[in-house]
Amino acid sequence: MLFVLLRLLPGDPANALLGVGATEQQIAAARAQVGSDQPLAVQFIGFLGNIARLDLGTSFVSRASVLGEIGNRMAVTLPLTFFGFLVALALAIPLGIIAAVRSDKWYGAAISVISQLGIAIPVFWLGILLVTLFSINLRWLPSGGFPLKGWANFGEAITGMILPSLTIGLVMGASLLRYVRAATLDVLGSDFLRTARALGASFPEALIRHGVRNGAVPVISILGIELASTFLGAVVIERVFSLPGLGSMLLLAIQQRDYPNVQGVLFVSTLLVLLIGFAADIAQRLIDPRLRGRARTLA
Amino acid sequence: MTTKALLLATLLAGVALPASVLAQDFNPDASIRIGSLYEPQNLDNTAGAGQGINEAFNGNVYEALFQLTDAGSVEPKLVESYEASEDGLTYTFTLKDGVTFHSGDPLTSADVKYSIERVTAETSKSSRKKSLSTITGIETPDDKTVVITLSARSISLPYNLSYVWIVNDAATDITATEDGTGPYSLGEWRRGSALALERNDNYWGEAPTNGEVIYTYFTDATALNNALLTNAVDVITSVQSPDSLAQFTGNPAFTVTEGASTTKELLAYNDRVAPFDNVKVRKALARATDKARLLNSIWGDYGTLIGSFVPPTDPWYVDLTGVDPYDVESAKALLAEAGYPDGFEFTLDTPDYDPHPIVAQFLQAEYAKIGVKVNINIITANEWYTKIYQAHDFQATLQEHVNHRDIVFYGNPDFYWGYNNPEVVKLVADAESAGSEAEQVEKLTEANKIIAEDAAGNWLYLYPQIVVSAANVTGYPINGLNSQFFAYDIEKAE
């Protein structure tokens, strides 16, 4: 699919490689080099073969291995997404439940209002605010950057991750919180919770035993979508904090018409998004036996 | 550089250093962290690596036969001595003794021949390829001697050779590694983030005054300024916005230096097409541009007004700002004389990055006053290169020209702006085949005055070159000609 879409784009990569001043011979030689003189079917088989060998080619611009470069960028993007995700979960789940359970109290309402504010704030603005406060005024944390030696310089790498993760986590957490609250409200009004209470379970006991399981199902599908969009959506955060991640690699590759890099990043991120979707499905089935049953009958 | 020389240089630059800094000794093994917006795309300056590679590698990792110093003069580097034949068509260079590459191989004449041929090769993307096209042969009679023969006299040969990095002819892949002769060798390089240079302890010349240099790359100017504010970098190679300077100028923890720049902001017309083939139209637009107000709105009190394409650091500079001074009434009169009493309409292809969009809007408002309607068309840098530079398919465009000594572009009628004045073409050619530098300067000064009279382009202003550093860091280049940034004299007090 990805292969076809990229090939459908007008223009020959050989031209992009050489610029318009190139001679016919140079273009022919470059076509042979990138393989765009072959029929599409042959190109496709070659592409599949390369993918199977995990060979994503070399960049037109930097002339470095695409896979190696993606690996380097992943060392930033994966931990960043993961920590951001943890922050979001740590915020959204407890606060979302409190906001629902105590929706009649002032602080329940306050949480709802503040989360609405969190959704409205653009992510780069929040990033700049955090940098101004924690880096420039308080000098507690670095304003950005990733150490030259990467994770081998663990202390510097991890402190550099705190502010960007917090930024992603706060924004992601704010929207997640709304879903957690809505799901919890649904559960609170449900018959099974009333039944559990009637059978003698205390309110927290019933909520944790029955409520969380039921409320988690819709929240997990949202989680999956949020997580997937963070991979490439982190490009703004990467810019504000000068992090060499996957998003900035894709942006630069598009600007430079570096097709092998574009194709490589899209391939790997598509794969990741599919994996996340798959993991979210599995998690939902583990939590909700009804989904498991339906899957069996469908199969 | 000694402390005294440094003090002198700093005073000349019009900046006072706190006495406490001068009293302190520097750390000979210090790590100098340089913040920059220009990351190289790869490490080969003949493979489209961009200006970043010049900033990081020129003079630091690679050296050439000659060096363009920060002050703008050309001095021998890897050359011990050289002489030109009577007719100026044969140059004989003797190489310095005891120079070795980082790999340990000694420098030989074969390396020089190989390196020049890399730049002039058909596949080379070097911007200097054309200036070396008069070379017809390179002989290497022995290991220390290089003989270059030319098809025509070329007074700028030593200058042009300062762009040719001498690379070990045994080096294989220099897009991701290096093998030069400079005071530093490449350490680690993390794409999208940073590049480290380590001191070369076997360097043939004077040892650097620091232990290592780390170029840290940013895509966002605010993030770069924050890094300096929070002590994550020691020096910023070139500040791109005056707004950010306020946080450094009043603060004793930082030093702000304004040096001489060669970067010109230019409104280039396509002189081949109407109405810009008419000199009166071009002069009218020049007179309708309040350049002082434009420069002030973009750079505040920094930057310089220029009356032609030549910056004050070029030897053929003369002040030509009085040729077409700001005068709306005379602009209207000129337009009427040219046959456009009610003005006209044109499309201004504007690169999508700063400061061009702001400049375009300014010009739109200015030219509306004389009845000229400007349609702004925003394009990417890539489109600029293919549509304008290569295909010449445009009416007018904005561009910054960074190179030193680039008035010679006006002597090339095939250049993108299509300015074709046979007198200038001849002067530029004659200057190149001049017998002496005095003669070269005389010819190019004449050419300079003619392009100003012809209003060949609308030279809006000269960018300032502003370097900001932590106050304990000194010895960096302040002019940054051709985006060079020699790091070997930088000292850091601790």
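Tutor: Let us begin with the two chains, bearing in mind that this is a predicted model. Here 26 residues of chain B are in contact with 29 residues of chain A.

Student: Which element supplies the largest share of the side of chain B that touches chain A?

Tutor: That is α6(B), which contributes four residues, while β8, β9, β10 and α12 of chain B, like α6, each supply at least two. Sorted by class, this side of chain B has 10 nonpolar, 12 polar and four charged residues.

Student: How should I describe two helices that pack, such as α5 and α13 of chain A?

Tutor: Two packed helices are described by the angle between their axes and the distance between the axes. In chain A, α5 (residues 66-101) and α13 (residues 259-287) pack at about 55°, with their axes 10 Å apart, which means that α5(A) is oblique to α13(A). The residues making the contact are A:V66, A:L67 and A:I70 on α5(A), and A:P260, A:N261, A:G264, A:V265 and A:V268 on α13(A); by class they divide into six nonpolar, two polar and no charged.

Student: And in what order do the strands of the open sheet in chain B run?

Tutor: Strands of a sheet pair through backbone hydrogen bonds, either parallel or antiparallel. In chain B the four strands follow the order β4-β5-β7-β6, with antiparallel pairing, and β4 (79-84) and β6 (135-142) are the edge strands, each pairing on one side only. The twist averages 20° from one strand to the next.

Key:
Residues are numbered from 1 along each chain as its sequence is written. Chains are lettered from A and ligands numbered from 1 in the order in which they are written. This is a predicted model: local features need pLDDT of at least 70, side-chain atom pairs count only at pLDDT 80 or more; totals for chains, interfaces and linings use all residues. Two residues are in contact if their C-beta atoms, placed from the backbone, lie within 7 Å. Ala, Val, Leu, Ile, Met, Phe, Trp, Tyr, Cys and Pro count as nonpolar, Asp, Glu, Lys and Arg as charged, and the others, Gly among them, as polar. Axes are lines fitted to C-alpha atoms, for helices over the stretch in contact, and angles run from 0 to 180 degrees between N-to-C directions. Angles under 35 degrees count as roughly parallel, over 145 as roughly antiparallel, 65 to 115 as roughly perpendicular and the rest as oblique. Two strands pair if DSSP finds at least two bridges between them.
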